[in-house]
Amino acid sequence: MIGGEFLINTLSLGSLYALIALGLVFVYGILKLVNFAYGEYIMIAGYAMFMLGTLTGLPFYVTMVLAVIVAALTSYLTELVAFRPVRTKSFNAMLVTSFAVSVMLQNAVVILISPRARAVPLPPAFNASINILGVVTPLRNVLTIITAVTLLTALTLIMKYTVLGIAMRAAADNFGTTRLMGVPANLVISVAFIISGFLAGTVSIFWVGRSASVEPLIGFTPLLIAFIATVIGGMHSLVGAVVGGFVYGLLFNLLSVTLPASMITYRDAFMFAIVILFLVLRPEGLVRGSYTEERVG
Amino acid sequence: MLTVSELRASYGMVAALHGVSLEVTEGELVALLGTNGAGKSTTLKSVAGALRPVQGSITFLGEEIASSKPEAIVKKGLSLVPEGRDIFTSLTVAENLRLGAFASYDRARYHEDLEEVFGLFPILKERLTQAGGLLSGGEQQQLAIARALMSRPRLLMLDEPSLGLAPALVDQIFELIASLRERNVTILLVEQNAERALEIADRVYVLKTGNVEFAGTPSQLERELDITEVYFGGEGGTSEVTV
């Protein structure tokens with residue numbers, strides 16, 4: 001029951017969930033804002049793949065890269081147009097703004113494209129299977145793991161060894177003092193949104209890849225996953241988000257294989273029960289971060 | 001070098017400064033004294049841009065900076081060591097210092113500055129890879145000052161550098177401030193420990209409930225005011241203060 005297939009499935013699901021959660025926490029760490037529009041960046045990237053894939057003859061890998069760029073750009077633009085003007089006003093204003101951005105982006109695609117799902121053309125590799133040491137698994141799973149490992153490594157190096165990365169970590173630690181060092185507030189916040197959107201776009205490739213379709217509300221489930229993963233792992237550090245994503249993937253797959261067939265429809269109920277246990281027993285999550293709860297003005 | 005005139009600042013509806021004026025000229029060590037809530041830290045925060053003043057003007061090297069952002073002000077050479085040290089606890093000592101140099105980074109100069117800072121604070125060299133939060137209080141204070149020095153400030157503002165430190169460390173910090181002064185760093189020092197501050201200051205301002213109550217030299221202060229009773233009675237654990 002728990003063998004090679006389980007391992008690959010768990011690593012793949014955990015990788016995806018880790019990237020999802022990381023994108024949310026990047027902005028939260030600095031602005032202390034839970035960005036409810038985060039799922040919409042995933043949705044926008046999905047529609048970018050749909051439009052580029054059906055209207056242009058561009059190769060798949062080009063449309064995918066462009067979709068990621070579109071998501072990062074959307075995230076940046078929402079920061080510039082929606083969040084920046086209210087940032088210094090009040091925290092609640094920012095939270096409500098994130099709901100507004102979410103609803104507006106959803107409705108924009110409903111009006112401009114369609115309220116119904118659209119098929120997204122995907123490369124044949126997404127449907128191919130691969131045999132790894134006797135385990136037959138979708139190639140997509142392996143690609144998810146490789147992408148996550150590459151991105152997590154790259155982000156770790158950036159956050160640790162570039163001055164911008166150090167400044168971002170400092171801003172998450174103490175935003176006001178970071179500005180006293182000469183680090184522009186707008187720079188770190190913009191970069192956080194761009195990275196968040198970049199991660200959302202990358203997630204979108206694999207998320208949309210599972211159903212090969214995109215619809216206006218597709219961002220809701222990833223947003224929920226990000227919440228759950230951060231409850232498990234902790235909201236206050238990037239490591240916590242990644243750990244939470246992988247633990248969530250593991251718990252989800254464990255429930256899938258251990259629950260009897262008659263109970264499998266209640267898998268989400270079991271999952272949420274575990275989340276409640278985390279909230280009661282370890283509300284700060286598995287990884288205690290050093291991020292303070294100060295607000296950015 | 002720094003001229004603050006008629007500065008008014010408030011936290012929400014609560015006014016903290018009611019028209020503070022002061023001046024710091026190049027090479028001076030100016031002390032800003034007063035009880036808790038007198039507006040000392042508020043003055044420094046306003047000058048550093050961390051708090052936007054309601055009214056008044058702040059000019060630094062002839063430029064108006066009252067409405068500038070904190071990141072722009074530090075680039076002009078005005079650096080604040082905030083109260084409570086405020087180092088980045090999750091970053092290593094080396095990373096803290098690197099960010100200190102953010103405002104005026106120059107690759108060649110950076111290593112020179114680092115060596116100079118290690119000369120002043122040898123302990124930091126040993127702790128380079130440790131997280132700032134793991135340092136002792138005195139070491140954190142040294143790091144906070146070192147980090148500010150990495151920006152090559154023309155004017156260094158220190159907010160309560162001796163607060164919460166053991167007496168031996170307080171001595172060390174004041175020796176350090178004196179040695180910075182000998183290196184021609186202009187300093188604006190906020191202190192509760194008035195006695196020690198007056199020993200090293202060229203000039204002194206005393207704030208009381210958001211107003212400048214006295215401006216002059218330390219010896220003038222001793223002659224003109226019974227400062228112990230009026231300004232430091234029973235506040236902030238400075239029972240040792242006798243001036």
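Trainee: How many residues of chain B are in contact with how many of chain A?

Mentor: 21 residues of chain B are in contact with 17 residues of chain A, contact being C-beta atoms, placed from the backbone, within 7 Å. This is a predicted model, in which local features need pLDDT of at least 70 and side-chain atom pairs pLDDT 80 or more, while totals for chains, interfaces and linings use all residues. Residues are numbered from 1 along each chain as written, and chains are lettered from A and ligands numbered from 1 in written order.

Trainee: What makes α9(A) roughly perpendicular to α10(A)?

Mentor: The axes of α9 (220–233) and α10 (238–258) of chain A cross at roughly 105 degrees and come within 7 Å. Roughly perpendicular covers 65 to 115 degrees, so α9(A) is roughly perpendicular to α10(A). Axes are lines fitted to C-alpha atoms over the stretch in contact, with angles from 0 to 180 degrees between N-to-C directions.

Trainee: Which strands are the edge strands of the open sheet in chain B?

Mentor: The order is β2-β1-β4-β5 (chain B), with antiparallel pairing. β2 (14–24) and β5 (63–64) of chain B each pair on one side only, which marks them as the edge strands.

Trainee: How many bridges join β1 to β4 of chain B?

Mentor: Five bridges join β1(B) to β4(B), and a pair needs at least two DSSP bridges. B:Arg8 stands opposite B:Gln55 in β4(B).

Definitions and conventions
Contact = placed C-beta atoms within 7 Å. Helix = DSSP H or I, 4+ residues; strand = E, 2+ residues; numbered from the N terminus. Parallel < 35°, antiparallel > 145°, perpendicular 65-115°, else oblique.
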